[in-house]
There are 2 protein chains.
Amino acid sequence: MTIPAPLSGVLVVDLTRVLAGPYCTMVLADLGARVIKVEAPGRGDDARAIGPFIGDHSAYFMSLNRGKESIALDLKSAEDRGIFERLLARADVLVENFRPGAMERLGYGWDELHARFPRLIAASISGFGQTGPYAERPAYDVVAQAMGGIMSITGHPGGKPTRVGTSIGDITAGLFSAIGIQAALVERHRSGTGQRVDVSLLDSQVAILENAIARYSVTGEVPEPIGSRHPSIAPFDAFATRDGFVVIAAGNDELFAKLCEAIGAPEWTQDERFRTNEQRNQNADALKALIEAALAERTASEWLNVLQRAELPCGPLNNIAQLIEDPQVISRNMVVSAADGAGGSLQMAGNPIKLSAHEDPKTREAAPALDGDRQRILAELDAPAIPEKRLER
Amino acid sequence: MTIPAPLSGVLVVDLTRVLAGPYCTMVLADLGARVIKVEAPGRGDDARAIGPFIGDHSAYFMSLNRGKESIALDLKSAEDRGIFERLLARADVLVENFRPGAMERLGYGWDELHARFPRLIAASISGFGQTGPYAERPAYDVVAQAMGGIMSITGHPGGKPTRVGTSIGDITAGLFSAIGIQAALVERHRSGTGQRVDVSLLDSQVAILENAIARYSVTGEVPEPIGSRHPSIAPFDAFATRDGFVVIAAGNDELFAKLCEAIGAPEWTQDERFRTNEQRNQNADALKALIEAALAERTASEWLNVLQRAELPCGPLNNIAQLIEDPQVISRNMVVSAADGAGGSLQMAGNPIKLSAHEDPKTREAAPALDGDRQRILAELDAPAIPEKRLER
């Protein structure tokens with residue numbers, strides 16, 4: 001349990017702002033990479049202005065930038081460019097999420113970077129990608145969710161547009177970028193050379209559509225929002241009980257038979273409408289009505305006891321307060337904390353990647369103050385080798 | 001552009017079924033890993049029974065298993081276990097998404113695997129993880145979405161439960177697993193030893209809550225569904241026009257000023273309610289009503305022209321049919337195709353990780369028939385080294 005973290009020794013220079021890029025570098029930091037944020041002097045990362053706030057400090061920023069360092073550099077000033085380039089000479093990875101073209105205007109386009117720093121891996125995260133007719137358009141998460149089709153299949157039939165309640169456009173782009181960066185790290189062991197990773201929010205939304213494109217390709221029917229059920233599996237939905245909802249997912253014939261038995265309707269397995277998953281899915285509304293009629297007799301918590309005893313995939317609808325007190329969430333260390341800069345501590349989501357050879361700490365180093373690591377970073381650049389991890393503050 | 005793909009030479013033995021595991025190994029395959037599915041004889045991957053179908057073949061299965069190989073092995077038969085173990089001796093990575101305990105019952109728990117195959121990286125994907133009080137409970141995506149809190153913040157205020165329209169529980173678990181596997185590959189270059197990656201659907205849902213936990217931690221208010229707007233940024237929403245919706249996201253003061261100018265209401269920037277993002281967010285409903293009153297004069301496509309000229313982050317709400325014809329999506333090669341086994345081809349989402357040193361092909365090898373690669377794989381096991389990529393069928 002005491003070998004260095006998997007990305008120990010990987011130095012990430014991080015020009016990213018707001019969410020997609022910072023989420024990517026947070027994942028890398030949680031795996032042991034050293035992440036140095038290079039922020040614009042004065043204002044820094046835009047997320048520093050997004051609430052809620054603790055005193056003057058953004059909790060939004062803190063939760064995404066725990067464990068990183070900060071130096072403020074003006075990439076249009078010669079002196080600061082010199083510092084930035086000395087950092088790049090030591091770095092393994094550069095991550096940025098400016099609009100395409102911005103790095104080129106700064107003289108740090110991929111061709112220049114690759115010529116000067118051949119081992120450097122550079123990841124660019126943008127709304128639409130580095131190529132194509134929309135490349136230079138700006139985007140935030142909701143634009144990618146809307147254009148990327150996921151909003152067209154989320155929500156209730158005939159209802160108003162529904163955004164996924166978390167910024168899944170940014171977050172999946174951050175995850176695909178972390179995957180691309182690590183693939184380039186693996187490859188660099190062979191070739192000795194870095195490469196460029198180009199990930200967009202829009203592409204990432206397309207990539208997580210699961211089988212919606214294949215379904216449309218086969219059936220010609222445009223997928224629509226269908227509430228809380230699954231498009232191809234039934235029963236797989238939220239069902240009303242006497243006092244609230246439970247979710248139940250019976251993804252194959254065996255589980256469906258178990259469900260029928262558990263709720264006292266074994267005869268449904270003989271119903272022509274429900275013999276196979278395909279038939280159950282075509283008759284999902286009728287099946288849901290029958291299930292809800294049966295569930296109306298007892299409370300959600302009573303039914304969950306029955307269904308869990310039958311080993312059926314099921315669960316309650318947790319809100320955030322219930323979630324962070326859930327025994328499994330606590331046991332898995334999925335809520336961690338970091339100092340909030342005001343004498344208290346802030347709770348935030350932990351690392352879902354549990355590795356057998358590494359610790360999964362309950363706390364994180366606090367997010368950095370803007371330019372808060374400047375002196376130490378400058379001193380390190382004069383040393384023969386930059387430390388794998390920052391020193392204690 | 002002609003160096004081998006980043007994960008060339010990585011051999012993945014894939015015991016996974018349905019979605020989370022197959023999505024993980026699809027991502028690895030798209031990056032050049034060789035993926036051999038080991039399926040249960042007779043039935044194979046459960047996803048083979050999930051529609052829609054082309055002839056007898058599941059398009060759902062095809063879209064997730066393109067480019068993989070298949071061998072059917074009964075892991076309770078001595079002969080097949082011998083074959084499986086010869087595969088493991090050559091493999092870099094084993095991925096499985098059985099319920100926790102199943103691998104141990106087969107004699108392939110992590111301790112046994114690690115003792116016999118010390119370089120092997122083993123990833124386990126499960127509903128709740130390998131540890132904790134719920135470890136052995138079964139789960140499908142909707143259970144993780146419900147328990148993981150994302151359904152509590154998705155949908156409209158007071159509305160019915162709303163599942164994210166794609167299986168984001170499975171898919172994010174697949175992505176975090178791919179990240180964990182690659183981190184272990186990077187680490188193995190140093191230590192020479194594999195490790196175990198343990199990822200759950202529930203943990204992955206917690207990890208993508210963005211700032212919901214931090215918000216609750218700071219304010220004590222339980223986050224609720226808020227339709228299509230952002231919890232901390234305004235304006236950032238879908239807005240009705242004369243004939244449909246557009247999404248607009250103005251994440252900072254400059255963009256808000258541009259938006260006011262573009263829709264003919266520059267005076268809003270002087271409104272006390274809208275001076276900062278924090279104030280705009282507190283008055284998001286009033287701001288939305290003003291914006292929609294202004295937008296009611298023209299159509300969505302007219303407004304998108306105006307807003308795009310002003311360089312505002314904005315876009316249409318695309319359905320799947322519109323999405324796959326979008327010039328940017330086409331230009332980015334985000335819809336690829338593979339042979340469907342019935343003489344035609346099936347469209348599916350492409351790879352969102354664009355790498356400068358590697359091709360991004362427009363087609364994929366078809367998904368395998370159950371046990372379809374048996375003879376070749378068995379022959380390869382007798383050869384001194386297993387090929388990096390499968391031979392052409």
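1. Let's start in chain B of this predicted model. Here β13, β12 and β15 make up an open sheet of three strands, arranged in the order β13-β12-β15, with mixed pairing. The edge positions belong to β13 (345–349) and β15 (363–364) of chain B; each has a single partner strand, so one side of each is left without a neighbour in the sheet.

2. Strand β12 of chain B, residues 335–339, runs parallel to β15(B), and two bridges join them. As a reminder, strands of a sheet pair through backbone hydrogen bonds, either parallel or antiparallel.

3. Helix α9 of chain A (residues 212–219) lies across β12 and β13 of chain B. Its direction makes an angle of about 155 degrees with β13(B).

4. Now for how the two chains are related. Two copies of a chain are related by a rotation about an axis and a shift along it. Here, chain A is superposed on chain B by a rotation of 180 degrees with 0.0 Å of shift along the axis, and the RMSD is 0.0 Å. That is the relation of a two-fold axis. Of the interface residues of chain A, 100% are also interface residues in chain B, so the copies meet through the same surface.

5. Helix α10 of chain A (residues 253–262) is worth a visit. Its buried residues are Leu255(A), Phe256(A), Leu259(A), Cys260(A) and Ala262(A). Why do they fall on the same side of α10(A)? Because the arc they cover around the axis is only 165 degrees. These buried residues pack against three elements of chain A, namely β10 (245–249), α11 (277–282) and α13 (300–309). Just after α10(A) comes Gly264(A), which takes a positive phi of about 80 degrees.

6. One more glycine, Gly109(A), sits in the loop between α4 (102–105) and α5 (110–116) of chain A. Setting aside neighbours within four places in sequence, Gly109(A) is in contact with Met103(A) and Glu104(A). As for Ala234(A), which is 125 residues from Gly109(A) along the chain, the C-alpha atoms of the two are separated by 50 Å.

Conventions:
Residues numbered from 1 in each chain as written. Chains lettered and ligands numbered in written order. Predicted model: local features only at pLDDT ≥ 70, side-chain atom pairs only at ≥ 80, totals over all residues. Buried ≥ 20, exposed ≤ 12 C-beta atoms within 10 Å, placed from the backbone. Helix = DSSP H or I, 4+ residues; strand = E, 2+ residues; numbered from the N terminus. Arc of directions from axis to C-beta. Contact = placed C-beta atoms within 7 Å. Least-squares fit on C-alpha atoms with pLDDT ≥ 70 in both. Pairing = 2+ DSSP bridges. Axes fitted to C-alpha atoms, helices over the stretch in contact; angles between N-to-C directions.
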